[in-house]
Amino acid sequence: MSNDVKDSEVPFVKVEGLAKQYRSDLPPVFENVSFSIHKGEFICIIGHSGCGKSTILNALAGLEQASRGGIVMDGKEVDGPSLDRGVVFQGHALLPWLSVEENIAFAVRSRHPGWSRNQVAEHGARFLKMVGLTGAEKKKPAELSGGMKQRVGIARAFAVEPKMLLMDEPFGALDALTRGVIQDELLRICADTRQTVFMITHDVDEAILLADKILLMSNGPRAHIAEIVINTLPRERQRETMHHDPQFYRLRNHLVDFLVHRSKKLQETRDLKAAYGEPRVVRPGLDSLKVVASRDDEPPTNTPRRAAAGPA
Ligand SMILES: Nc1ncnc2c1ncn2[C@@H]1O[C@H](COP(=O)(O)OP(=O)(O)OP(=O)(O)O)[C@@H](O)[C@H]1O
């Protein structure tokens with residue numbers, strides 16, 4: 001998806017005023033969460049641990065009921081799980097007694113119960129090829145590396161051809177090398193299929209590589225989407241070369257600055273205007289945003305690549 005998505009276009013997914021309160025004696029984890037996703041867009045959400053990212057993803061999947069607000073996808077309210085929304089979790093959740101191809105076939109049959117055995121197999125093989133797993137069809141999950149298992153999970157999710165793919169830190173458990181290879185594969189598959197994706201990550205570099213827009217959440221409780229950051233790098237960016245573009249550091253510094261300073265400040269000051277107004281849409285390095293301007297031309301700072309495990 002390109003950066004030329006017009007915000008005036010009717011969004012494919014609309015999340016409005018979402019709040020979640022797990023216990024009545026505790027404040028809501030998040031509230032007033034509103035954002036839109038356009039068809040073919042890749043959205044990443046970043047925020048400190050516990051701000052409610054997985055809860056929002058589960059609500060999008062229809063696996064979790066919000067306390068307030070609602071979600072509409074493709075003109076229909078999300079009120080339960082559906083094959084239209086595929087989920088990839090950090091733990092790949094493969095069925096251990098089935099082979100790679102059987103795991104995929106199982107999912108494909110749920111989408112297309114009338115298909116013949118051959119149709120199911122051919123369809124599955126196409127997606128296994130996409131993630132570079134041709135040759136591993138007969139292996140059981142226990143015989144696969146972590147990266148291979150996650151690839152099967154991705155192939156399975158894509159094979160069902162959901163209208164939206166939801167990914168909860170899909171590469172969190174992988175080593176850096178494997179993570180990079182699968183990120184590249186995901187980028188290529190999304191470009192080929194124009195898949196709509198909502199993904200949670202703690203890795204700012206991953207978000208800059210993959211996302212068209214990055215949603216920044218303030219710390220919980222009462223977390224909210226504080227900013228929507230537009231990725232202003234060219235869509236054809238590549239993991240190996242994107243750090244040569246000065247714009248990469250403007251984006252990166254903006255995201256890290258949010259995680260290290262502003263997410264906490266927003267929670268401390270209870271900035272009600274920020275919490276209840278529309279999230280700011282920012283283009284770091286291109287907007288005349290003070291917080292970015294002061295850092296624009298600095299070399300890459302010695303900053304964390306990943307969000308801290310807990311609020312700073
Ligand atoms: N079923 C539940 N019952 C009660 N509290 C819950 C439940 N699920 C999540 N929570 C609480 O809601 C808050 C948000 O959890 P959630 O997993 O959505 O956050 P997160 O931002 O995805 O965190 P992380 O980055 O660590 O995965 C946490 O404080 C968590 O303890």
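Student: Is the crossing of α2 and α4 left-handed or right-handed?
Tutor: This is a predicted model, in which local features need pLDDT of at least 70, side-chain atom pairs count only at pLDDT 80 or more, and totals for chains, interfaces and linings use all residues. Residues are numbered from 1 along each chain as its sequence is written. A crossing is left-handed if the near helix is turned anticlockwise from the far one by less than a right angle, and right-handed if clockwise. The crossing of α2 and α4 is right-handed.

Student: At roughly what angle do the axes of α2 and α4 cross?
Tutor: Helix α2 spans residues 100-111 and helix α4 spans residues 146-159. Their axes come within 9 Å of each other and cross at roughly 25°.

Student: Which residues of α4 make the contact with α2?
Tutor: Contact requires C-beta atoms, placed from the backbone, within 7 Å. From α2 come Val100, Asn103, Ile104, Ala107 and Val108. Those of α4 are Val152, Ala155, Arg156 and Ala159.

Student: Which residues surround the ligand?
Tutor: A residue counts if its C-beta atom, placed from the backbone, lies within 6 Å. The shell comprises Tyr22, Val29, Gly47, Ser49, Gly50, Cys51, Gly52, Lys53, Ser54 and Thr55.

Student: In which strand of the chain is confidence highest?
Tutor: Confidence is given per residue as pLDDT, from 0 to 100, and the chain averages 86. The lowest mean, 43, belongs to helix α9 (residues 290-293). The highest, 97, belongs to residues 42-46, strand β3.

Notes:
pLDDT = per-residue confidence, 0-100. Helix = DSSP H or I, 4+ residues; strand = E, 2+ residues; numbered from the N terminus. Axes fitted to C-alpha atoms, helices over the stretch in contact; angles between N-to-C directions. Contact = placed C-beta atoms within 7 Å.
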